[in-house]
Amino acid sequence: MKQPLPSNTYLSGKGDLSAVDQAMIERRVGLLGPAYKLHYEQPLHVVRGEGVWLYDAQDNAYLDAYNNVPSVGHCHPRVHAALSGQAGLLNTHTRYLHPGILDYAEHLLSTFPDPFDKLMLTCSGSEANDLAYRIAQLNTGGTGFIVTELAYHGVTKVIAELSPALGEHANLGEHVRTVPAPDAYRNDGSDGEVGKRFARAVQAAIDDMSRHGIKPAAMMVDTIFASDGVLADPPGFLQQALKVVQNAGALFIADEVQAGFGRTGDHWWGFQRHAIEPDIVTMGKGMGGGHPIAGVALPGAQLEALAKSRYFNTTGGNPVSCAVGKAILEVIEEEDLMENARSTGAYLRSGLAKLADQHDIIGQVRGAGLFIGLELVRDRASKEPAAEETLWLVNRCRQDRVLISSTGTHGNVLKIRPPLPFSPDNADVLLRVLDRALADCPELSARLA
């Protein structure tokens with residue numbers, strides 16, 4: 001007889017949710033509706049954060065190995081000072097002269113290669129991608145867009161149609177074509193073949209658009225393919241797809257919401273790992289360390305068509321947001337967080353590789369810098385996805401006060417993307433917790449026997 005997967009009580013070994021938290025969940029559903037989702041089978045009630053740690057209502061510390069939004073750490077004093085200081089002076093829109101947006105634009109654009117010389121600011125990554133979408137259509141006269149099969153690019157109506165990760169009820173637009181993500185683990189992993197296969201799929205999508213009378217406008221790519229399973233390697237595999245897109249008269253949009261701001265450890269931006277020059281770059285999340293700021297960087301020539309109409313965003317680029325954004329850049333540079341992402345990321349991946357020698361469920365360790373994917377399989381030969389086990393492990397780590405999540409087409413990739421100050425000592429804590437959890441993880445076949 002088949003048994004259900006473990007309950008919250010079994011997972012935690014510490015009983016059910018407190019009455020206070022249960023009441024909060026019920027109140028949340030009543031006020032916010034059912035579309036909002038919570039992390040973990042036993043949701044976490046956090047009240048404060050500091051560095052790479054989150055604290056619950058009982059002041060228990062949780063190692064945050066998941067949240068890339070507070071990119072320089074939770075509640076960094078430099079960022080807090082910039083936010084509160086500017087908020088106490090002025091916060092208004094971009095139709096008044098103010099040096100803050102100009103200072104920030106100069107600093108941010110200095111991290112880009114030529115010819116990126118223009119910046120437009122929004123409040124969210126969804127808005128940034130929506131603006132990039134509009135610019136691409138205006139510049140090409142096309143309407144067709146290409147994304148990967150499990151891409152996530154945002155929640156506006158337009159961008160939700162380019163985000164198959166939102167689920168089967170978020171319908172893709174008729175002008176949208178999806179292509180398989182460049183998965184070197186499940187396909188031929190040779191360096192050259194990954195890029196060739198991906199480029200062929202992109203060409204097939206363009207050809208299909210042509211058969212249906214759709215002119216391509218752009219391909220939008222998250223440069224670390226986070227929702228598709230954290231697919232970072234081999235560096236350079238995007239070069240051939242870029243050529244295919246541009247040869248079709250379309251634009252290549254690099255969505256850096258996930259991979260940007262030094263997270264990959266080797267460059268400021270994920271597209272630089274692939275030695276490509278996209279037409280448009282979008283940003284968000286870590287750009288404001290939790291404060292709502294996002295943007296679009298591009299060569300000035302791409303803005304000529306948009307300039308024929310007006311663009312205005314009431315709070316995009318306001319003085320407080322720009323002060324926060326500039327403080328984030330300064331902290332990344334002055335605390336050498338890009339190098340920390342490289343070195344600590346390498347240390348963590350090495351430790352995970354050692355765990356793979358001990359636990360057969362680990363199929364592959366991959367990623368770049370402090371964005372790591374750990375693919376779990378029931379059998380290394382067949383690569384059968386261990387989706388249920390992955391979910392079990394995410395919840396077990398939460399009970400052991402380490403926060404991670406899962407991703408990927410099959411839901412079997414542990415997603416590890418901590419704040420950039422994450423240290424080797426923090427990595428050791430994560431590795432110990434994962435080791436214990438992997439050792440305790442019962443095989444699905446045994447649980448369902």
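Predicted model: local features only at pLDDT ≥ 70, side-chain atom pairs only at ≥ 80, totals over all residues.
Student: Which residue stands opposite aspartate 64?

Tutor: Strand β3 covers residues 61–64. Its pairing with β14 is parallel, over two bridges. In β14, the residue opposite aspartate 64 is leucine 403.

Student: How many degrees lie between the planes of phenylalanine 112 and tryptophan 269?

Tutor: The structure holds nine aromatic pairs. Among them is the pair of phenylalanine 112 and tryptophan 269, 4.5 Å centre to centre. Planes under 30 degrees apart count as stacked. This pair is stacked, and its angle is 20 degrees.

Student: How many residues apart are phenylalanine 112 and tryptophan 269?

Tutor: Phenylalanine 112 lies in the loop between α4 (99–109) and β4 (118–122). Tryptophan 269 lies in the loop between β8 (251–255) and α9 (270–273). The pair links distant parts of the chain, 157 residues apart.

Student: Is tryptophan 269 buried or exposed?

Tutor: Buried means under 20% relative accessible area. Tryptophan 269 has a relative accessible area of 0%, so tryptophan 269 is buried.

Student: Over which ring does the charged end of arginine 48 sit?

Tutor: Two such contacts can be described. The charged end of arginine 417 sits over the ring of tyrosine 66, 4.4 Å from its centre. For arginine 48, the distance to the ring centre is 3.8 Å, and the ring belongs to tyrosine 55.

Methods
Residues numbered from 1 in each chain as written. Heavy atoms only, no water. Pairing = 2+ DSSP bridges. Helix = DSSP H or I, 4+ residues; strand = E, 2+ residues; numbered from the N terminus. Phe/Tyr/Trp six-rings, centres within 6.5 Å; stacked < 30°, edge-to-face > 60°. Buried < 20%, exposed > 50% of the residue type's maximum accessible area, 1.4 Å probe, protein only. Lys NZ or Arg CZ within 6 Å of the ring centre and 35° of its normal.
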